[in-house]
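Have the structure open and follow along.

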Amino acid sequence: PLLREPPRNDQDHPFGLGTAHMTYRLDGQLVGVAVIDFLPNMLCSQYFFWDCQRYRHLRLGTWSQVQELALAKKYSNLKYYNLV
């Protein structure tokens, strides 16, 4: 994982740089986790894991990508979205 760094003055997002997790819950229960990297001008999607036996019908991998794209679009200095 990348070491976390606090946000810099030239960043308009509050996450800083480094590896982070986006968690997805349904009725309070954890159903999926995305591992993402914040780079100087990019949001990089690394991994996504979920309970595929119980929640396959929800297509959580697709949902996670849409949420990550929305996050990258929200902040102007995240100009790129990369799927690894």
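A hairpin joins β2 to β3 through 2 residues. Strand names follow DSSP runs (E, at least two residues), as do helices (H or I, at least four), numbered from the N terminus. A word on the source: this is a predicted model, where local features need pLDDT of at least 70, side-chain atom pairs count only at pLDDT 80 or more, and totals for chains, interfaces and linings use all residues. Residues are numbered from 1 along each chain as its sequence is written, and side-chain values use heavy atoms, with hydrogens and water left out.

Strand β2 pairs with both β1 and β3; pairing takes at least two DSSP bridges between strands.

| Pair | Bridges | Direction | Opposite residues |
|---|---|---|---|
| β1 (residues 18-26) and β2 | 9 bridges | antiparallel | Arg25 and Leu30 |
| β2 and β3 (residues 42-50) | 8 bridges | antiparallel | Asp37 and Cys44 |

The β1 and β2 hairpin has 2 residues between its strands, and Asp27 there takes a positive phi near 55 degrees.

β2 (residues 29-39) is mostly covered, with 8 of its 11 residues buried (under 20% relative accessible area, 1.4 Å probe, protein chains only). The largest nonpolar core has 14 residues, and Met22, Ile36, Phe38, Leu43 and Leu71 have the most contacts inside it. Such a core is a set of buried Ala, Val, Leu, Ile, Met, Phe, Trp, Tyr and Cys residues joined through side-chain atoms within 4.5 Å. β1, β2 and α2 (60-74) each give two or more residues to this core, and β2 gives the most, with 4 residues.

Key. Buried < 20%, exposed > 50% of the residue type's maximum accessible area, 1.4 Å probe, protein only.
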